[in-house]
Amino acid sequence: MMNFISNGVRVMALLIFCAALAQAADKKIQRDRVKVQAGHQAGQEIPYPGVAFAKLDTFEGLNLEDADKLYLKRDFKGAYAAYKAYSFEFSKSKALPYVLLRMGRCLHQLGKRFEAIKAYQDVVDYFPDEVVYSAGALYYIGICHGENGDDNKKIGVWARLVKDDDYVNQPDAGTALVFLGNEMERLKKFEEATEYRWRTAVAFLQANPGAAQAARGAVLVHYASRNPNHEKLKEFYVEASGFDGRGDNTGKPQEDGRYWNAVFNQVMGAQENREGVARYWVGVFGDLFPKDDGMRIRLCELQLIYEKNMDAWAARMNKQFESQPVTLARVIGWVPSWAREPKRQLEFAVKHGGPLMAAAPLAERIQMLQVLCAEIRASFYEKYVQPAVAGLKREEKISLMWALRHPLGLHNEAQSVMRSVSLDGMSDEGILGYGSFAAIYLGEEDVIRIFARMKDPMNATKARFDYYCARTHQNRPFQEKALAEIPALKKEPKYAGAALLWTEGDLLRGLGRFEEAIKAYQAANRQPDSTWAVTECLVALKRYPEAIRNVQGLESVGGAVAAQACFRVADIYRASGDKGKEVDQLRLVLRRYPKSGESSSAHQRLESYGVKIMGGEAKAEE
């Protein structure tokens, strides 16, 4: 029963709001652009204007400035006291409406919404003609009611806000209109909702762009799919500065592709009466844009929605395509439109694109393959691209083999092209790139044989090293082979250095040669990473005391590294099996670094052990 009464109140409030809004529209609006008073942007705090501030006497200005500073620092208790004191001392100040509004904002920010509502209401009651502040107060009263869970009161207050000819022109009124529109739509009063959404989109284009954007989208949905109306939508398009609000040449929607594409997008996504909506817009569109392939293709898509006849769709598509000269660029543009029917797509590509392929640049041939469905690419490639491979230049073959692998996914074809590439006279850089591609498909011996074709032995050494390093995961033989190349690389200045030493350390560590790995990491001297890596090796060697001393040195670094070091000691104790010392160390992490991520990890581990956390340890952030 209470829900019924509540819903009845809500409906009545909205009906009263609609009647008032319609009356205001008859008197004043007539759907022309309303001049919004944009003293601030929607959703922002309402400021006291600088010009008005300059007119205050010295003491008024200083006191108001001090209160504003406290508010900006989010000291809302202090700011409230300052504003209240101001209201008593300067009771006749021109700034009093602003000060009362700010007192309400302070209470609101402190979560005292009922007190805030009373403070806001004082602004409305005593200063109704101070439009900026009174309208702002009504807006915030609605926010408070919403946060209190009372949408009926929110609707009532915001209805009062938007029916006033002056208040409705304030930026935040746009947000109120969007909310009320959504409520109207929920009650299925779509025409009424659309009327003031229209108004919102036009009036708040600059002052409340978010509200205007939401309103534009809602009007488009209504007149494109829910209740199709081309004439209304054209009128709205012009008044709202287009569907994007930019206003770039939006005066002739009938001839504007942006207008039609937005409509078509909406129709394609329509959830209700999709066939009827599609039929309406196909009839309205008629013979527009006869030479615009994109538009005509979309028109065929709309017709298919209600005709459901693939043969008729294909006939219209072919007729449109053949109405203009055939070029490979047009074929490539059209091919994706046949994707729903791969067989028809192949027939179309063969008929119109096949004869043009021989004379086409390689880039366009690859592009043609890209737009074809995956299951028909191979057959088209075999007939129209593969015969020309032998006549391609080496650079073209290399480009083709990479494209065949990705994004085309024609791996057999990619390998075939790869095998046709001659390495004679190829630069070392070219051989490296070719070898990197070959390594995807060929085994070790074949790849190493390719690298052996390099003119500079050092380049070949580096290529082999990189090849083995990229494949060392759980592959001890390749780790050994990569390691064997390092002595030669150390003799070459451009390769020798910390990076090579670090890789040497990783390889040695992977092979279990921890003593040698420690020396390599230390030589690389990449701190704090070297210390971490050396510690891992010491733990692997079960030299726990030494590992602890090693990592403890990092605590002096401070910051995040210190917290990591302290926690790492606990890990070492756990690895050594000394749970007592591990627990002590975890507690130490909680005390020393309570705000760190390591503190959270220590807290969780202690809880998993069932260890009770005491005193200051409990302050650690989880």
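Which helix holds histidine 230? Histidine 230 belongs to helix 12 (residues 230-239), helices being DSSP runs of H or I with at least four residues, strands runs of E with at least two, both numbered from the N terminus.

The model is predicted: local features need pLDDT of at least 70, side-chain atom pairs count only at pLDDT 80 or more, and totals for chains, interfaces and linings use all residues. Residues are numbered from 1 along each chain as its sequence is written, and side-chain values use heavy atoms, with hydrogens and water left out.

**Figure 1. Surroundings of histidine 230.** Histidine 230 counts as buried because its relative accessibility is 5%, where buried means under 20% relative accessible area (1.4 Å probe, protein chains only). Its side chain forms a polar contact of 2.6 Å with the side chain of glutamine 254; such a contact is a pair of N or O atoms within 3.5 Å, one able to donate a hydrogen and the other to accept it. Leaving aside residues up to four places away in sequence, histidine 230 touches Gln254, Tyr259, Trp260, Tyr280, Trp281 and Val284, with contact meaning heavy atoms within 4.5 Å.

**Figure 2. Lining of the second largest pocket.** Residues lining this pocket include Glu185, Phe190, Arg226, Gln266 and Val277. A pocket is an open set of points on a 1 Å grid where a 1.4 Å probe fits, with protein on both sides within 12 Å along at least five of seven lines; lining residues have an atom within 4 Å of a point. Helix 11 (residues 209-226) supplies the largest share of the lining, 3 residues.

**Figure 3. Secondary structure of the protein chain.** The chain contains 33 helices and 0 strands. Buried residues account for 46% of its 622 residues.

Conventions:
Buried < 20%, exposed > 50% of the residue type's maximum accessible area, 1.4 Å probe, protein only.
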